[in-house]
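Reader: Hi! Could you take a close look at one single part with me, and then show me some of the others?

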Amino acid sequence: MGSAVDWHAFLDEFRGFGGKADNVMQRKGALGMGLFPIDPSKPIDLFVPDALLVPIENISLQDGALAIEDDSAFPTGYGNWFRRYQANYSWGAEGRDNTLAFEEGLKALPEAILTLLKRYGLYNAELRFPGKDPDQELLQRFLRTRCINRNGRSVIMPMIDLLNHSPSAKPYDMSGDGIAVAGMHDGEVQVRYNIFDPLRRLIGYGFNCVEPMAFSLRCQIQHQDQEVLVRPGVPDRPLQPCKISFEDERMVIQQPLLGSIRSPKVPRTLFLQACQAHKGINANELFDQIHQYNTIGLVNLLRALEDLEEPIAKQLRNVCLDQLAALSHHFGQRDDLLNSSETSRIST
């Protein structure tokens, strides 16, 4: 990271391309490197116009540096600026080293833990970081932690991608002709990346965070005479009833919400809504079965991690506890929504 003079000169260049970066400085905080207001009594203003967003397929490593492969569609000089930005403030500042340390830490876990993570649909080293082309694999992991979907494409948003995540912060403003973050901030400027749960936040982004929701692990259970497969992850519309289908006579449930700190009646409500169209299901019992499987799965992970001293093991122990806490927030149901199928009133 350069000096304050270098930073302000760098921001002036960015503004010359049509971006905004006002009243912000980069420094290390409780969450690592982040952006902070220079003067907390004034609003910050960050904006990356669509013309400066870089599709991830147009980013490559050039002599170890992260660069735009073809910069002909960007303003003159932007490719050079982007390369220096990555070298001094993002990929080269700590992004590469942090990503590598996390991936190597995961891959070095004992086989018993790797087996559990694979069984629960959380991590598969053979698919994610096989080691056949380490530089490219590392680049792709880094880009996935920094990109955002804009108009159907995964893009990097320089300057704004330096912001750290908070589940209580506002999301990016994507209503205009670019991506913006603005407003008053007493401390670090944070944004809500997306809706995840603690487990997916750690595995996907490499850091722990107390997220307010919990979604299911991968599990296979028997419900009465029906074989049930629950596919893991976070759906695009997390506050809508999960999708249920049948494949080879097996019921397949997609990414059900199991816990919500802010709305504990919602998880069971959404699950009951999803099951209404399917006869022969005791929806309450099935929800409890999936919930039980998740609780036992997290306890199994905690037991396997108990005596390990590596940093990644500590992160995983913490995330299991955070996931269990989020998972525990479910009780009752919303009869008004069950009778009307109105889920749009549920707030994130």
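**A helix, up close**

Author: Helix H2 covers residues 78–89, and at 1.5 Å a residue its 12 residues should span 16 Å, which agrees with the 16 Å between its end C-alpha atoms. Here the expected span is 1.5 Å times one less than the number of residues, and helices (H or I, at least four residues) and strands (E, at least two) are DSSP runs, numbered from the N terminus. Please keep in mind that this is a predicted model, where local features need pLDDT of at least 70 and side-chain atom pairs count only at pLDDT 80 or more, while totals for chains, interfaces and linings use all residues. Residues are numbered from 1 along each chain as its sequence is written, and side-chain values use heavy atoms, leaving out hydrogens and water.

Now look at what H2 hides. Tyr78, Gly79, Trp81, Phe82, Tyr85, Gln86 and Tyr89 are buried (under 20% relative accessible area, with a 1.4 Å probe and protein chains only). Seen down the axis of H2, these buried residues fall within an arc of 160°, so they line one face of the helix; the arc is that of the directions from the helix axis to the C-beta atoms.

Next, find the open sheet whose three strands run in the order S5-S9-S8, with antiparallel pairing (two strands pair if DSSP finds at least two bridges between them). S5 (54–55) and S8 (147–150) are at the edges with a single partner strand each, so one side of each has no neighbour in the sheet. Helix H6 (residues 134–146) packs on this sheet and touches S8 and S9, its direction making about 60° with that of S8. Contact means heavy atoms within 4.5 Å, and angles run from 0 to 180 degrees between N-to-C directions, with axes fitted to C-alpha atoms, for helices over the stretch in contact.

Another open sheet has four strands in the order S14-S15-S17-S16, and its pairing is mixed. At its edges, S14 (219–223) and S16 (243–247) each pair on one side only. From one strand to the next, the twist averages 25°.

Last stop: serine 166, in the loop between S10 (164–165) and S11 (178–183). Serine 166 counts as buried because its relative accessibility is 11%. Leaving aside residues up to four places away in sequence, serine 166 touches Gln190, Val191 and Arg192.

Technical notes: Buried < 20%, exposed > 50% of the residue type's maximum accessible area, 1.4 Å probe, protein only.
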